[in-house]
Amino acid sequence: RRLFAGGGVGDFGFVRGHAQRRAEQRFPLEVTLHAYRCGHRVLSQWLRVAVAATVPLTPGQRTAIVADFAIEYTNAISIIAASEYVARTRTLTEAEGDQRTELLNILVSGYDESDGRVARLLKRAGYLEQRQAYCIAVAQPANPSEMENPERARRIIDAIADTMSGTTIRTLAGVRNNVVTAVLSDRRRQSGWTAMQSN
């Protein structure tokens, strides 16, 4: 109503905050934007009531003004939300990539058990749980120079992840020393007899 009455636009901080929270929850952007479009109808109804009470216009004029404003408003918040969502997703993805790389290096290279920061990182990621079995796998194309192509390396990482996707084996993979390196881990049996497994 304030905007419709000519008030200042402001920075739409509530839209930015909402988009950031949805990105952190990995809530689909398409669904968020669809919700904004659905809200367009409710917004128009609210505005029609507000305008009818305050602006001396004909019903047709009021409808046209409200429709134009609601479209502009929905477009503005959709653009802001999409921009903020993408920016937040990029930041989160970069942070996850950095953490994955750090975890991979720690697990492959070893670490000082007295380093509390490393211990917290490993514990948060679930790598200090008891009764874990580990395997390290490395892979590269027949032509090692192909590893210089990030997309080729990504396809190998994805292929390893796809291979393990139907199992309980956890995969942490990345490029290290110009080869795809994967740490594969799974919980060992707790005790007693375990039936033979194909894996």
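**Aromatic pairs and a helix contact**

In this predicted model, ring pairs join F12, F14, F69 and Y73 into a cluster.

Colleague: How many aromatic pairs does the structure hold?
Modeller: A pair of aromatic rings is described by the distance of the centres and the angle of the planes. Ring centres must lie within 6.5 Å to pair. The number of aromatic pairs in the structure is three.

Colleague: Is the pair of F12 and F14 stacked, edge-to-face or tilted?
Modeller: The ring centres of F12 and F14 are 6.1 Å apart, with the planes at 50°. Stacked needs under 30 degrees and edge-to-face over 60. The pair of F12 and F14 is therefore tilted.

Colleague: Is F14 buried or exposed?
Modeller: Exposed requires over 50% relative accessible area. F12 has 9% and is buried. F14 has 54%, so F14 is exposed.

Colleague: What separates F69 and Y73 along helix α3?
Modeller: F69 and Y73 form a stacked pair, 6.1 Å centre to centre with 20° between the planes. F69 is partly exposed at 22% relative accessible area, and Y73 is buried at 18%. Because F69 and Y73 are four residues apart in helix α3, their separation is about one helical turn.

Colleague: Is α1 parallel, perpendicular or oblique to α3?
Modeller: Helix α1 (residues 13-24) packs on helix α3 (residues 59-109) with axes 8 Å apart, at an angle of about 40°. Roughly parallel would need under 35 degrees, and roughly perpendicular 65 to 115. The angle therefore makes α1, relative to α3, oblique.

Colleague: Which residues of α1 make the contact with α3?
Modeller: The crossing of α1 past α3 is right-handed. On the α3 side the contact includes Y73, I77 and L92. On the α1 side the residues are F14, V15, R16, A19, Q20, R22, A23 and E24.

Conventions: Residues are numbered from 1 along each chain as its sequence is written. This is a predicted model: local features need pLDDT of at least 70, side-chain atom pairs count only at pLDDT 80 or more; totals for chains, interfaces and linings use all residues. Side-chain values use heavy atoms; hydrogens and water are left out. Axes are lines fitted to C-alpha atoms, for helices over the stretch in contact, and angles run from 0 to 180 degrees between N-to-C directions. Helices (H or I, at least four residues) and strands (E, at least two) are DSSP runs, numbered from the N terminus. Angles under 35 degrees count as roughly parallel, over 145 as roughly antiparallel, 65 to 115 as roughly perpendicular and the rest as oblique. A crossing is left-handed if the near helix is turned anticlockwise from the far one by less than a right angle, and right-handed if clockwise. Contact means heavy atoms within 4.5 Å. Rings of Phe, Tyr and Trp (its six-membered ring) pair if their centres lie within 6.5 Å; planes under 30 degrees apart count as stacked, over 60 as edge-to-face and the rest as tilted. Buried means under 20% relative accessible area, exposed over 50%, partly exposed in between (1.4 Å probe, protein chains only).
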